[in-house]
Amino acid sequence: PPADHQVASVRKTTVLDVMRRLLQPQNMMVSAPRDRRREHCYISILNIIQGEVDPTQVHKSLQRIRERKLAQFIPWGPASIQVALSRSLPTFKRLIAFLV
């Protein structure tokens, strides 16, 4: 049957996908009640991304976020998006060293 030969395609999650998800309201650490009459904005954004990430992809993603205006910032200060890259969880490495 043809169904046996079908291969499921898997789409790799891009850095932009991750950063856009981090901008969703449910992923914010601090928030205020939503008021439809007011424009909500960020003071600053810090994204901590763990895993194998190409820094050029991070830079391109930041450019796209700014170009598409996916994040609105306070008008009286500079737009600040900081990204920290971590290859693995430091506490996990300490735990493994402790158990060995």
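Let's start at Lys 69, which sits in the loop between helix 2 (55-68) and strand 2 (81-86); helices (H or I, at least four residues) and strands (E, at least two) are DSSP runs, numbered from the N terminus. This is a predicted model, where local features need pLDDT of at least 70 and side-chain atom pairs count only at pLDDT 80 or more, while totals for chains, interfaces and linings use all residues. Residues are numbered from 1 along each chain as its sequence is written, and side-chain values use heavy atoms, with hydrogens and water left out.

Back to Lys 69: its phi is near 55 degrees, a positive value in a residue other than glycine. Lys 69 is also exposed, with a relative accessible area of 60% (exposed is over 50%, buried under 20%, partly exposed in between, with a 1.4 Å probe and protein chains only).

Now for the inside. In soluble globular proteins, nonpolar side chains tend to be buried together. Here the largest nonpolar core has 14 residues, and Ile 45, Ile 65 and Ala 71 touch the most other members. Such a core is a set of buried Ala, Val, Leu, Ile, Met, Phe, Trp, Tyr and Cys residues joined through side-chain atoms within 4.5 Å. Helix 1, strand 1 and helix 2 each supply at least two residues of this core.

Take a look at Ile 45. Leaving aside residues up to four places away in sequence, Ile 45 touches Leu 23, Ala 71, Phe 73, Ser 80, Ile 81 and Gln 82, where contact means heavy atoms within 4.5 Å.
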